[in-house]
Structure formats: C-alpha cells, structure tokens
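Hello,

Here is the structure I promised to pass on to you. My notes on what turned up in it follow just below.

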Amino acid sequence: MQKLYETQEKPKRAFLVSIVGSAGSESQVREINGLAETLGLQIAAHEKIRVREKSPKFGMGSGKAEELAKKAADISADLLVFDWAPSPSQQRNWEELSGIPVLDRQELIIRIFADRATTREAELQVNLAELTYFLPRLTHKYIDLSRQRGGRYGTKGAGETKLETDRRKLEKRINQLEKDIEQVRKQRQTQRRQRERNNLPVCAIVGYTNAGKSSLLNALTGSDVQTEDKLFVTLDAVTRRFQPAPGVSVLLTDTVGFIRNLPHSLIKAFRSTLEEASLADILIHILDACDPDIDRNYETTLSVLQELGAKELPVLTVLNKIDCLPVESGENALDGLQDRFPDSIAVSVKKGTGLEALKERIAMMSKK
Ligand SMILES: Nc1nc2c(ncn2[C@@H]2O[C@H](COP(=O)(O)OP(=O)(O)OP(=O)(O)O)[C@@H](O)[C@H]2O)c(=O)[nH]1
Ligand SMILES: [Mg+2]
C-alpha cells in the first residue's frame with residue numbers, strides 16, 4: 001500500500017494558487033501566504049489567477065487546470081495549496097490530475113491548529129474538526145506536515161468496501177470525541193461557576209490572530225503566556241486576576257484569535273473555548289494598528305462575535321502596535337485610525353505606551 005505519511009525531514013514545497021480580481025483578494029493573498037508559512041511550508045511559487053470559465057470538474061477550465069498541474073510538476077512542488085474551497089470531488093480531481101495532495105485554506109487552518117494544540121481540550125477539539133473535515137474526503141491524498149505527530153488518517157487507494165468501513169470508523173470516532181468534549185465542557189463550566197463565586201467582572205481579550213492578545217495579558221498581569229509572530233499561537237483560554245486600579249479587581253481572559261472564514265468545523269469544535277468571549281462582562285477588542293487589513297480584521301472579529309452571541313457586550317477597542325506606524329506619517333496615521341475607531345485607546349504593548357490609560361478605562365468600565 002502506498003505510504004500515506006512521512007515524518008518531516010525537509011520543508012514541503014508548496015505551490016500556492018490564489019484567485020484574484022474580487023474585492024479584498026489582495027489581503028486574501030497575503031493571508032494565505034502567512035498561513036502557509038505558519039505551517040512551515042516552503043513557498044515554491046505563488047500564482048495569482050483570474051477565473052473566467054468555471055467547470056464543475058476543477059472549478060475552472062480544464063486547460064487552466066492542466067497548465068497549473070504542469071507548473072506544479074515543473075517546480076517540483078510537493079503539494080498544491082488553494083486559496084478557495086474546492087468541493088471534495090474537485091479536490092479529488094485535482095489530486096488525480098497533478099498527482100500531489102491538494103490543501104485548501106480550511107485545511108491549512110485546521111492543520112495549524114492541530115500543530116499548536118497542547119492541552120487535552122484543544123487536542124480533542126482539533127481532532128473533531130479534522131475528522132469532520134475529512135469525512136467527506138476519504139480519498140484525499142495525505143502527507144503529514146506536522147513535526148510533532150507521527151501519522152495521519154488516510155485511505156488513498158482503498159476500495160469501496162474499505163471506504164465504507166473507514167467511514168463508519170470515522171463516524172464512531174467523531175461520536176466519541178463529541179462526548180469527550182462535552183465532558184471537558186462541563187469541567188470548564190464548573191471552573192467558571194467557581195470564578196463567578198468570586199464575583200469579579202470578566203474581561204475577555206478578543207481580536208484577530210496575531211493582534212497581540214497574549215502580549216497584552218502578559219503585560220497587564222505579569223504572566224508568561226506564549227506569544228509569537230505567527231498565527232494561532234493561543235488555542236486555550238487563559239484567565240488571570242488583574243487589578244486595573246487600586247481596589248478594583250477583574251478577571252482577564254486571553255482567547256483564541258479569529259480569522260476570516262474560520263472553518264465551520266473549527267468554530268463548532270472550539271465552541272466551548274470560543275464561548276469564553278460571549279460569557280465575559282466586557283470585551284477588549286485588540287487590533288494591530290499596522291496591519292493594512294485592519295478594517296477587514298475589525299469586521300471579521302465583529303462577525304465572529306455575533307456568531308458567538310457576544311455582539312451586545314460593552315467593548316473597549318484597543319489599537320495596538322502603534323510603535324510600528326511609519327515614523328514620518330506616524331501621528332497622522334494614528335489620528336486617522338482614531339477617527340475610524342472612535343473611543344479607542346492607542347497602545348504599544350511592546351513599548352509599554354498607553355497602558356496606564358488602558359488600565360483606567362478598564363477600571364472605569366468594570367465599576368459600572
Ligand atoms: N511591534 C509590536 N509588536 C507587538 C506588539 N504587541 C505584540 N507584538 C508582537 O505581535 C506578535 C503577536 O503577538 P501575540 O501576543 O502572540 O498575539 P495574539 O493576538 O495572542 O496571537 P494568537 O494567539 O496567535 O492569535 C508577537 O510577535 C508580539 O511580540 C506591539 O505593541 N508592537
Ligand atoms: Mg495569543
């Protein structure tokens with residue numbers, strides 16, 4: 001039988017393909033790059049294409065598909081990464097055509113989560129998201145990109161009977177995972193109830209991935225939560241006690257970052273972790289002021305919050321990383337941002353600027 005996974009020795013060479021031409025496609029191109037790099041892929045080439053003809057087989061004309069498959073072979077790519085969502089059967093067609101695995105954006109994100117998961121809760125949740133994603137893709141060609149994990153589920157080359165058995169096994173495993181997650185969720189509720197007994201207001205730090213949520217928690221509470229210039233470093237909600245002003249105590253929670261089109265299987269699987277935001281009393285919405293996509297990121301966070309039922313909570317908007325604004329236009333840029341985000345507080349967690357004003361505002365809001 002064909003070997004379905006291998007332990008990682010050298011980075012996999014990825015051929016990224018983005019469809020451009022619509023509004024926002026530029027930021028999407030930047031983001032898929034970031035996701036691929038976060039996963040440790042070597043980007044062999046990044047092709048930005050326009051699609052005129054949409055055949056059901058490949059989601060584009062077969063001439064274009066063949067051209068891309070040939071290019072992948074020419075540059076010795078190990079895998080194709082698509083910045084759109086091919087259906088399971090389109091994915092299979094592409095894999096047959098190119099002879100290499102095809103990953104879409106959803107799978108990149110799921111795999112990043114899988115690499116990052118360290119606690120039992122995060123592992124269970126990621127596992128559930130993976131299996132839900134893979135269930136309709138049992139013939140998907142796999143390669144293992146993860147350094148930490150040995151092998152992966154895979155049934156390439158299997159006959160129909162084997163596929164049926166595998167499907168049943170997967171469904172059983174999904175059922176079991178759902179039960180295990182429910183169990184962990186109950187433990188989390190118990191912890192939450194204990195916290196409620198303290199009767200302290202809960203502030204959840206929310207925002208786009210890499211905005212500086214964990215850095216802020218660390219700066220305010222002297223904690224040592226991992227921070228890194230990568231996407232989805234934090235997968236668990238961490239809560240610390242914090243005194244924004246003498247005599248005022250709150251609980252500050254760091255949360256999982258959001259991203260545009262967060263795969264639905266992940267939202268579902270991570271519901272209990274993500275719910276930390278909706279159960280807070282105050283939201284601290286932190287933005288990376290230097291990200292050219294700040295407006296989109298802001299909207300994405302709001303829409304995920306809405307999906308989680310946290311839209312009505314009082315929000316304190318924080319513009320972080322102001323130390324990175326271009327020096328010559330620094331003040332103008334900041335003025336512009338503060339016009340766009342009225343009532344926001346500008347800080348640099350890294351330099352410690354603006355944190356006193358932020359503390360005052362948190363203290364004020366938590367007294368209400
Ligand atoms: N220049 C600059 N960098 C910052 C600032 N605050 C945080 N960073 C950097 O931004 C990167 C992301 O910070 P994190 O705190 O890990 O971000 P996060 O929002 O927790 O990210 P995820 O957990 O991955 O969603 C790290 O490399 C930080 O050092 C800041 O004020 N200025
Ligand atoms: Mg974090």
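In which sense do β5 and strand β8 pair, and over how many bridges? β5 and β8 (residues 282-288) pair in the parallel sense, over 5 bridges. Two strands count as paired if DSSP finds at least two bridges between them, and the strands (E, at least two residues) and helices (H or I, at least four) are DSSP runs numbered from the N terminus.

Before I go on, some housekeeping. This is a predicted model, in which local features need pLDDT of at least 70 and side-chain atom pairs count only at pLDDT 80 or more, while totals for chains, interfaces and linings use all residues. Residues are numbered from 1 along each chain as its sequence is written, with chains lettered from A and ligands numbered from 1 in the order in which they are written.

Back to β5. In β8, Ala-204 has Leu-283 as its bridge partner. β5 also pairs with strand β7 (residues 248-254), again in the parallel sense, over 4 bridges; there Ile-205 stands opposite Asp-254. The strand is mostly covered, with 6 of its 6 residues buried.

The loop between β5 (202-207) and α7 holds Gly-212. Gly-212 counts as buried because it has 25 C-beta neighbours inside 10 Å. Beyond its neighbours within four places in sequence, Gly-212 is in contact with Ile-286, Asp-288, Asn-320, Lys-321 and Val-349, where contact means C-beta atoms, placed from the backbone, within 7 Å.

Helix α7 (residues 213-221) leads on to ligand 1: α7 gives the most to the shell around the ligand, with 3 residues. Of the 22 residues around ligand 1, Ser-215, Thr-227, Asp-229, Thr-234 and Gly-257 come nearest; a residue is near if its C-beta atom, placed from the backbone, lies within 6 Å. By class, the shell has 6 nonpolar, 10 polar and 6 charged residues. Nonpolar covers Ala, Val, Leu, Ile, Met, Phe, Trp, Tyr, Cys and Pro, charged covers Asp, Glu, Lys and Arg, and the others, Gly among them, are polar.

There is also an open sheet of 4 strands in the order β2-β1-β3-β4, with parallel pairing. Its edge strands are β2 (42-49) and β4 (102-104), each pairing on one side only. Strand β1 (residues 13-19) is joined to β2 by 7 bridges, and Arg-13 stands opposite Gln-42. Helix α1 (residues 25-38) lies across β1, β2 and β3 (79-82), at about 165° to β1; axes are lines fitted to C-alpha atoms, for helices over the stretch in contact, and angles run from 0 to 180 degrees between N-to-C directions.

Finally, the largest nonpolar core has 83 residues, and Ala-36, Leu-80, Val-81 and Phe-113 have the most contacts inside it. Helix α5 (residues 120-134) gives the most to this core, with 7 residues. Such a core is a set of buried Ala, Val, Leu, Ile, Met, Phe, Trp, Tyr and Cys residues joined through C-beta atoms within 7 Å.

Best wishes

How values were computed: A residue is buried if 20 or more other C-beta atoms lie within 10 Å of its own, exposed if 12 or fewer, and partly exposed in between; C-beta atoms are placed from the backbone. Two residues are in contact if their C-beta atoms, placed from the backbone, lie within 7 Å.
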